[in-house]
Amino acid sequence: MDQLTSTLSPAVSAFVSRPRHLFIGNRFVPAADGAVRATVDPSTGRHLVDVAHAGEVDVDRAVAAARAALDGEWGSLPAAARGLLLARLADLVEAHAGEFAELEALNSGKPVTANEYVDVPAAIEHFRYYSGWPSKLEGGTIPVIAPDTLCYTRLEPVGVCAQIIPWNFPLMMAAWKLAPALAAGCAVVLKPAEQTPLTALRLAELVVEAGFPAGAVNVLPGDGRTGAALVAHPGVAKVAFTGSTEVGREIAVRAGADLKRVTLELGGKSPNIILDDADVPAAVAGSYEGIFFNSGQSCVAGSRLYVHRSCYDQVLDGLVAATREAAVGPALERGTQLGPLVSAAQYHRVRGYLVDGLAAGATMAAGEVPPVEPSDGYYVRPVIFTDVTPDMRISREEIFGPVLVVTPFDDIDEVVTLANDTPYGLAAGVWTRSLGRAHRLAERIRAGMFYINTWAAGDPAAPWGGVKASGIGREMGRANLDAYLEVKTVWAGYGRP
C-alpha cells in the first residue's frame, strides 16, 4: 500500500489511507455490526482499503434518516433552493475532477484518461442539467365539467428512493440516479456496488460541503443482501436499479408485490450493423470503440457486429489490426487504452465465455484466452470471434467483457432478423451513407436507443433505456424526472355566492 500511495495525488492517497464508513444523515458511521469489506485495485489485484459493509440495521437507519429529511428541512426547501444545491454539487465535483478521475481508475480499473474525458464530465453535466429542473416542475389546472369548481394538479416527490448502481461506471451512475431524484425533491439511499464504492463515498463528502440537509442523501456500500433489504424496506417508495437482467427480474418481482415504483436499466446484447455503403474506416473505428471502451464492461456495448459481405473482410482486417495495437495496462498509466476487468470474478466469467466459444466451434480471429488464474491484475486483451452461429452463448448472452462476435450478412431483411433475435433491446446502430436506409432500420429494429454513424452517444437531456429484457423506464431527461414524481389532483368547490 505504501508503494501505491506514493504514486497517487495527495488527496487520493489520503482518502484511501484509512477505512471508509457508511454515510447516513450527513455523518460517516461504521456499520452497526462492524462489518467491513476489502476493496481491491483491479490493476494489481492487491488490497486497497477497507469499507464498511451495510446490513439490515444500517438500511433501517438510512431509510429513517431519509424519511426525516423529507418530513423536515429537505422537504420544506423551496424548489429553487434544491436547484442551487445541485448546481453547487456540480461545481464541487468539477473542482475535484482530477481527484475523481484518479480515484475511479484506482477502484474500478477504468483508464484515468477515460475518466477525465468521459465519466467525470458526464457526472458534472448531469448534476448541472438537473439543477435547472426543480423550478420548472409545474402542475396544471383542469377545466372540469362540475360548475363552481377548481381542479388542479400538484407534482410531489414520490418519497424515499432506493438507488442501486453497478460497478462499471460508478461515479457517472451515482450522478444519473441522484440528480433527478433530488431535483424532484425525493430523499435517497444510494447503494454503490460492493466492488466500487469509493467515488460514491467521496461524492458524499461533497454533498455535505454543498450544504444538503442531513438525510437527503445517504450512501450504503454493501452487496446483494444490502440491496435486497433496501428493496424490501417498507419505508422505500421507489426503487431504481442499474445492473444485470437476472437481478432486475428479482427486484421487479419484489417491487411488484409491494406495489412500489421501479425503474430498471438492465443488460444488453446490442447489434451494430455495417451496410455496404458505409464509410468503412469510420465504421471500424466506431465499432471498435463501441465494444471495447471500458474493456467491454458496458450494458450498451455493441457486442454483435453484422457486416455486409461485400466489405466483411475489410472491416474484419481493420478491427483485428486495431486490437493488436491496443494498449492494455494499469488504469493509472496515461498511455493505457484498455484497463483491467473490475474483479477476479469478472475475469473468470469472461474467460469462461472465451473457452465456451472455442468449444462451440467459433474462430478466435484476434485475442487469446488468458491464464486460468490472473496475476498482477485482471487483464483480458480484446477478442474477436468469427464463424459464430446465432445459437452460441457468445452470441446470445451478455458477456460484459472485451469480446466481439462478427457475422456477415447479405440483405437488409436478413440483418433485421438477426438483430432482433435476442431477448434484449437496449441499443442498436447502423453505419451507412443512406439516411433513408438508416431511418428505416431505426424503425424496424426493436431497441430503446438507435445510433446512426455513431455509438453510445448521450446527453443528460436525452432519455436512455431499453425494451424487452433490457429494462423498464428511462434514465435521463424529463422522462426520468417523471419516475420520481407523484401527480396529486386537488378539487375545490367555490360554493355559491
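Residues are numbered from 1 along each chain as its sequence is written. In this predicted model, local features need pLDDT of at least 70 and side-chain atom pairs count only at pLDDT 80 or more, while totals for chains, interfaces and linings use all residues; side-chain values use heavy atoms, without hydrogens and water.

**Exercise 1.** Describe how α16 and α17 cross, and state which residues meet.

Solution. Begin with the axes, which are lines fitted to C-alpha atoms over the stretch in contact, with angles from 0 to 180 degrees between N-to-C directions. Those of helix α16 (residues 412-420) and helix α17 (residues 435-444) come within 11 Å and cross at roughly 40°; helices here are DSSP runs of H or I with at least four residues, strands are runs of E with at least two, and both are numbered from the N terminus. Next, take the contacts (heavy atoms within 4.5 Å): Ile 412, Asp 413, Val 416 and Asn 420 in α16 meet Arg 437, Leu 441 and Arg 444 in α17. By class, this contact has 3 nonpolar, 1 polar and 3 charged residues, where Ala, Val, Leu, Ile, Met, Phe, Trp, Tyr, Cys and Pro count as nonpolar, Asp, Glu, Lys and Arg as charged, and the others, Gly among them, as polar.

**Exercise 2.** Characterise the linings of the largest pocket and the second largest pocket.

Solution. A pocket is an open set of points on a 1 Å grid over the protein atoms alone, where a 1.4 Å probe fits, with protein on both sides within 12 Å along at least five of seven lines; lining residues have an atom within 4 Å of a point. The largest pocket has 48 lining residues, with Trp 167, Phe 241, Gly 243, Ser 244 and Val 247 nearest its centre. Its lining divides into 23 nonpolar, 13 polar and 12 charged residues, and α11 supplies the largest share, 6 residues. For the second largest pocket, the lining comprises 29 residues, and Val 118, Met 172, Phe 293, Ala 456 and Trp 464 lie nearest the centre. That lining divides into 18 nonpolar, 7 polar and 4 charged residues.

**Exercise 3.** Classify the aromatic pair of Phe 169 and Phe 293 and locate both residues.

Solution. The whole structure holds 8 aromatic pairs, counted when ring centres of Phe, Tyr and Trp (its six-membered ring) lie within 6.5 Å, with planes under 30 degrees apart stacked, over 60 edge-to-face and the rest tilted. Phe 169 and Phe 293 are 6.3 Å apart centre to centre with 25° between the planes, and the pair is stacked. Phe 169 lies in the loop between β7 (160-164) and α8, whereas Phe 293 lies in the loop between α12 and β13 (304-308), 124 residues apart.
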